[in-house]
Amino acid sequence: MDVFADLLGGFANALEPTYLLYAAIGVTIGTLVGVLPGIGPALALALLLPLTYGFDPTGALIIFAGIYYGSLYGGAITSILLNTPGEAGSVATAIDGYPMAKAGRAGPALATAVMGSFAAGIISTLGLTFLAPLVANLAKSFQATDYFALMVLAFVSVTALVGTSIIRGMVSLFAGLFVGLVGLDFLTGQQRFTFGSTALLGGIDIIIVVIGLFAIGEALYGLARLQYAREEPVEFSGRIWLNKGERKRVWKPWIRGGFLGFIFGSMPTGGSEVPTFLSYNLEKRLSKHKEEFGKGAIEGVAGPEAANNASFSGVLVPLLTLGIPTSATAAIILSAFQIYNIQPGPQLFENSPDLVWTLIASLFIGNIMLLVINLPLVKVWIKILSIPKDLLYTGILVFGILGVYSLSGSLTDLMIVCAIGVAGFFMRVYDFPVAPAVLGAILGPMMETQLRRAVSISQNDFSVFFTRPLTVGLLIAALAVLVLPTVLPKILGRAKRAESAGQ
């Protein structure tokens with residue numbers, strides 16, 4: 001009953017005109033961000049972080065959550081009409097969404113994505129409502145070794161499951177960890193990697209890292225791509241509503257995708273990439289129309305898009321209860337918490353209950369707003385695809401640099417953000433995932449703190465990491481996540497060859 005009472009209190013706050021306006025602004029900006037090719041929620045949040053310093057924490061987080069939510073909706077439009085997913089979680093949607101659009105069924109594909117996202121959003125937000133307090137209570141028993149092992153698991157999971165190469169992911173992760181070490185040692189006060197610069201004594205602000213990698217790096221990459229390819233959207237025409245036969249085929253994938261997205265989003269597996277492809281493969285296996293997959297199966301849009309949207313509420317579970325972000329966008333939301341001197345974790349539900357429950361209530365409200373905004377205005381959003389991309393990316397560069405300069409007025413910060421932006425550009429060119437670098441920069445100092453705290457308490461006895469069952473279990477899970485993606489395909493391949501030889 002406490003959960004219902006807390007949620008009702010959250011609705012009482014979220015329904016205030018100011019917070020309703022913030023939610024509407026967030027979901028509208030998010031949808032716009034999702035519609036624009038190559039502009040993901042991480043980039044949008046990176047640009048907006050400096051502009052929200054004057055907001056109260058609850059209002060700023062409602063806007064950020066709305067942007068994240070809305071971008072998942074809007075990303076379906078570019079995936080279906082342009083075959084250009086703005087986020088990794090939208091890749092699976094494009095597999096059948098784009099063929100549907102080319103066959104003149106863009107309307108049903110978009111309606112499936114929007115309505116499926118709404119259904120999955122309700123399922124996953126309910127899951128967040130009831131699961132998050134339980135996880136927070138469980139996390140109160142965590143010790144320093146448990147937190148260290150949990151962060152190791154988060155690092156390994158994101159590094160191994162995001163991107164195409166574990167080695168590239170590790171390089172990205174360690175680059176982020178290095179950035180997190182710059183500044184003064186929190187125990188000894190000694191300088192680390194400051195190269196004699198007093199401007200680096202306080203470390204490199206995470207906002208500079210985020211704007212450099214996402215805003216400047218992504219804008220440079222987008223401008224470079226325009227020299228070689230310009231996408232033209234499929235022309236939208238015909239009906240948008242689903243007919244009876246289509247509704248019969250999609251409602252089960254919506255539910256299955258919603259549960260898959262929330263469950264895997266709640267785990268440290270990198271956000272929406274894993275559940276969307278799992279949902280696609282599951283629907284292909286269960287469908288009575290297997291021959292349509294890859295050619296325009298409506299289930300291939302319904303399941304992955306539901307999983308993509310549901311993963312957001314799942315991502316909020318470890319973020320709010322443990323302070324662990326499992327995606328790049330969640331890492332930026334964590335930095336927004338830290339701007340307001342709020343540390344997500346087990347005590348957040350006790351220390352800041354109004355903030356947490358107002359945020360959760362705003363997700364329900366934002367989900368309804370998105371349904372109302374997206375279905376009637378699909379043709380309006382499609383027109384936004386005609387915005388010249390060179391002007392768009394140039395504007396992002398300008399706003400990114402101005403945003404950094406507005407933080408401190410430091411030329412050193414400008415040089416650092418430009419250097420990080422160039423590094424981010426080359427990371428995209430050579431297929432190094434950006435998410436591990438961001439997580440490393442944000443969580444690296446926190447992991448170091450927990451490591452040194454555990455070692456200090458045990459009087460330099462490192463065996464303390466192998467005495468608690470929870471710590472050992474998390475470390476074993478991290479090892480499994482690191483090894484299985486490499487070993488399992490080989491084992492399955494050998495088994496398949498052996499089976500073929502036996503026949």
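Glu299 counts as buried because its relative accessibility is 6% (buried is under 20% relative accessible area, exposed over 50%, partly exposed in between, with a 1.4 Å probe and protein chains only). The side chain of Glu299 meets that of Arg249 in a salt bridge, 2.7 Å from N to O. The model is predicted, so local features need pLDDT of at least 70 and side-chain atom pairs count only at pLDDT 80 or more, while totals for chains, interfaces and linings use all residues. Numbering runs from 1 along each chain as its sequence is written, and side-chain values use heavy atoms, without hydrogens and water.

**Salt bridges**

- The structure holds seven salt bridges (a side-chain nitrogen of Lys or Arg within 4 Å of a carboxyl oxygen of Asp or Glu).
- Glu299 sits in helix α12 (residues 299–322) and Arg249 in helix α10, 50 residues apart. Helices are DSSP runs of H or I with at least four residues, numbered from the N terminus.
- Arg249 is partly exposed, at 22% relative accessible area.
- Salt bridges with shared partners join Arg192, Glu448 and Arg452 into one network.
- Lys140 forms a salt bridge with Glu350, and their closest N and O atoms are 2.2 Å apart. This pair links distant parts of the chain: Lys140 is in the loop between α6 (106–139) and α7 (144–161), Glu350 in helix α14 (residues 348–351), 210 residues apart.
- Lys140 is partly exposed at 38% relative accessible area. Glu350 is partly exposed at 47%.
- Asp146 and Arg468 also meet through their side chains in a salt bridge (2.7 Å, N to O). Asp146 lies in helix α7 and Arg468 in the loop between α19 (435–457) and α20 (469–502), so the pair ties together parts 322 residues apart in sequence.
- Asp146 counts as buried, at 0% relative accessibility. Arg468 counts as partly exposed, at 22%.

**Nonpolar core**

- The largest nonpolar core has 149 residues, and Ile80, Leu128, Leu213 and Phe214 have the most contacts inside it. Helix α4 (residues 57–82) gives the largest share of this core, 16 residues.
- Such a core is a set of buried Ala, Val, Leu, Ile, Met, Phe, Trp, Tyr and Cys residues joined through side-chain atoms within 4.5 Å.
- Neighbours within four places in sequence aside, Leu128 is in contact with residues including Pro133, Phe262, Ser313 and Ile360 (heavy atoms within 4.5 Å).

**Surface**

- Trp251 lies in helix α10 (residues 244–265). Trp251 counts as partly exposed, at 42% relative accessibility.

Methods: Helix = DSSP H or I, 4+ residues; strand = E, 2+ residues; numbered from the N terminus.
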